[in-house]
Amino acid sequence: MTSFIMLLLACSVSMSIVSLIWMGVLPVLAKRYKAKWLYRICLLLIVGWMIPFRPVIDFSFISVQIPERLVFPVPIDQQLANNAAVVLQATGETARETAAGAASVSLWWVISVIWMMGLFIYIVIHGLRHRRLTNMIRRWGEPVTDANVLGIAEQLKQQLNIQKPISLKICSGITSPMLMGLRKPVIVLPSFDIPEDELALILKHEFVHFLRHDLWYKAIVMVAAALHWFNPAMHLMSRTTAEQCEISCDAQVLRAADFRQRKLYGEAIIGMMRKQKTPGTAVSTYFYGGRKGMKARIFSIMDTRKKKAGAFLFGIVLIAIIGAGAVFAANSITATENNEALDKQVVEEINGPLSVKQEIPVAYDALQVNEFVAIGGPYTIQEGDIIQYNLQGEGDGHLNVHFRKTADPNDNEGYLGHSGLAGNHVKNAGSHKVSAKLAGTYYLWIGNFDGKSLDKGNSSGVLENITGTVSIAVDEGDKHKQSNKQASEPLAAPEVVGVITTSDGQNLSVTINGKGYNNFAKLPFNKGETFTMWITSKEERELEIGLLSISTEQEYGEVIKTGTGEVSITIPEDGDYRVYIHNHDSRSADFELQLSQAIEGPIV
């Protein structure tokens, strides 16, 4: 529902802009273009109001030259501003952001409820008005029995080739002729006498409304107005469409009329204006539509100049509707996706105690003011991981620590982590799990922020003897739920995507296909043990190597780029594990793998 409301509001804003521009230029266009085309464009705009969905246009074909980034280090306040959306750790700031996000979601639901209530009230009010009018006509209306009136009506029906029966009634409760009834049309005439020459024009006017299906178009206008009941621009557009409906109907009635007939027709409308007291409803036509539109209508009746068709103008307005709507739709979709992501993040909870699967020691001598350095990586951070920090330094600086997807100081790609900006230590337990979208390979960065954007009175200085740990933990509650779910499911047999040979179970020769994955062997470990693997290769490949828990199918590993590398894993819990290898490169990889503990038995 939230997504629909956001799209509806985006549509309302974009269509308000287009419609207000259209209504502003309409008096000028009416002097040059035929009334029927102006009416069609009004209906096109109404359809634009009714359909909140727009195509999202991709402008990626437009090339923009980005200047090369030359400044290092990147100020941390800029880093945080650019990447605040991916901060996940349990600081006071994050908690406030989460609470604000939850409040935002609740606010959208309140707006949705208000919109639905307004929609209901609008429909009820117009439904009651229409029912009151139809009940009055049903009670006080009488079939027309005047042979002269019936003869004029029959002659007009033959002239306009109308086959469907249309009833004629007289009602003393109305003061203006009108056409009613979507399924069973009826023309209702006032009870006072109308001269024959005027009556023929009036009846022809209502018959033309019937031929053009104007009652159905009026019903569509009412639906659009109900959807956007809160927007005054929609009600202005609704009134403008009704006026253009009458003007274009007048033009069709007077298509071959001379000056005398046009004058007579105008006098008939003015006469109805003086007598009308009962307004029509949203799904009826009425001969006089209000004083404000009368001046334009009379000028149109008396205007005999030849005017242009408006097909080209119709196309321009259509492009404007789609273009303006696409711009607002793109922003609305982005906002909707952000709200949906927030929904998912808010409900993510810790289900049990935390278990550290990898601990990264930190020891750094000194950081100058505004200096940031990559101190380790790459590290594989998986969906559901929880990052914990416990770092401290000496001095007056402002310690900052975070993960970044690159070790390049000139690249700001992909932040994940916590920012401690108030002093020389960072410590928190972590409360948010890494989402699937943010899982990936990261490098660990630390820095000394200058503090200028925090408080004018803040001083900053060199940070020295920065020590501590950064831990990647998992939620034991999640693993417990997963193990219960998978307890009855056998471990899937690995797909063979390469060749592994060994003579002693400790030194292995491995060949693995491009993008290939393999897990093998069975090794028992106790919690807290360390298992190390060394890789030697003559080729440059990106390999992920680690241990796979047989009980939970949780992977613990790192990504390294061969030639040589080392992966050391602290066993998170007692159990049996398999060695796994994932080749991220599209080319096959040949390398030597040495294990700190020999494999016993066959490599399967």
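Which strand is Gln 358 found in? I started my notebook there, keeping in mind that this is a predicted model.

**Entry 1: Gln 358**

I looked up Gln 358 and found it in strand β5, which covers residues 354–367. Next I wanted to know: is Gln 358 buried or exposed? Its relative accessibility is 11%, so I put Gln 358 down as buried, the cut-off being under 20%. Then I checked what Gln 358 touches, skipping residues up to four places away in sequence. My list reads Tyr 379, Val 470, Ser 471, Ile 472 and Glu 558. With Glu 558 there is also a polar contact, side chain to side chain, at 2.7 Å.

On to the greasy bits. In soluble globular proteins, nonpolar side chains tend to be buried together. The largest nonpolar core here has 33 residues, and the members touching the most other members are Trp 22, Leu 45 and Met 237. Helix α1 gives the most, with 10 residues.

Ignoring neighbours within four places in sequence, I found Leu 45 in contact with Met 15, Val 18, Ser 19, Trp 22, Met 237, Val 317 and Ile 321. There is also a second, separate core, this one of 26 residues, and Ile 512, Phe 525, Ile 581 and Leu 595 are among them.

**Entry 2: aromatic pairs**

How many aromatic pairs are there? The count comes to 10. I wrote up two of these pairs.

Phe 403 and Tyr 442 are edge-to-face, 6.5 Å centre to centre with 80° between the planes. Phe 403 lies in strand β8 (residues 398–404) and Tyr 442 in strand β11 (residues 440–449), so this pair ties together parts 39 residues apart in sequence. I noted both Phe 403 and Tyr 442 as buried.

For Phe 525 and Tyr 577, the ring centres are 5.9 Å apart and the planes are at 65°, so I called this pair edge-to-face; the cut-off for that is over 60 degrees. Phe 525 is in strand β15 (residues 517–525) and Tyr 577 is in strand β20 (residues 575–583), so to speak two distant parts of the chain, linked across 52 residues. Phe 525 has 4% relative accessibility, so it counts as buried. Tyr 577 is at 1%, so it counts as buried too. These two also belong to one aromatic cluster with Phe 531 and Tyr 556.

**Entry 3: charges over rings**

I noted two cases of an arginine over a tryptophan ring. The charged end of Arg 40 sits over the ring of Trp 37, 4.6 Å from the ring centre. The charged end of Arg 404 sits over the ring of Trp 445, and there the distance to the centre is 3.5 Å.

**Entry 4: cysteines**

How many disulfides does a search of the whole structure find? I got 0. For Cys 245, the nearest cysteine sulfur belongs to Cys 249 and is 6.5 Å away, while a disulfide needs the sulfurs within 2.5 Å. Cys 245 is buried, with a relative accessible area of 1%. I looked up Cys 11 as well: at 3% relative accessibility, Cys 11 counts as buried.

Methods. Residues are numbered from 1 along each chain as its sequence is written. This is a predicted model: local features need pLDDT of at least 70, side-chain atom pairs count only at pLDDT 80 or more; totals for chains, interfaces and linings use all residues. Side-chain values use heavy atoms; hydrogens and water are left out. Helices (H or I, at least four residues) and strands (E, at least two) are DSSP runs, numbered from the N terminus. Buried means under 20% relative accessible area, exposed over 50%, partly exposed in between (1.4 Å probe, protein chains only). A polar contact is a pair of N or O atoms within 3.5 Å; within protein, one must be able to donate a hydrogen and the other to accept it, and residues adjacent in sequence count only if both atoms are side-chain atoms. Contact means heavy atoms within 4.5 Å. A nonpolar core is a set of buried Ala, Val, Leu, Ile, Met, Phe, Trp, Tyr and Cys residues joined through side-chain atoms within 4.5 Å. Rings of Phe, Tyr and Trp (its six-membered ring) pair if their centres lie within 6.5 Å; planes under 30 degrees apart count as stacked, over 60 as edge-to-face and the rest as tilted. A charge sits over a ring if NZ of Lys or CZ of Arg is within 6 Å of the ring centre and within 35 degrees of the ring normal.
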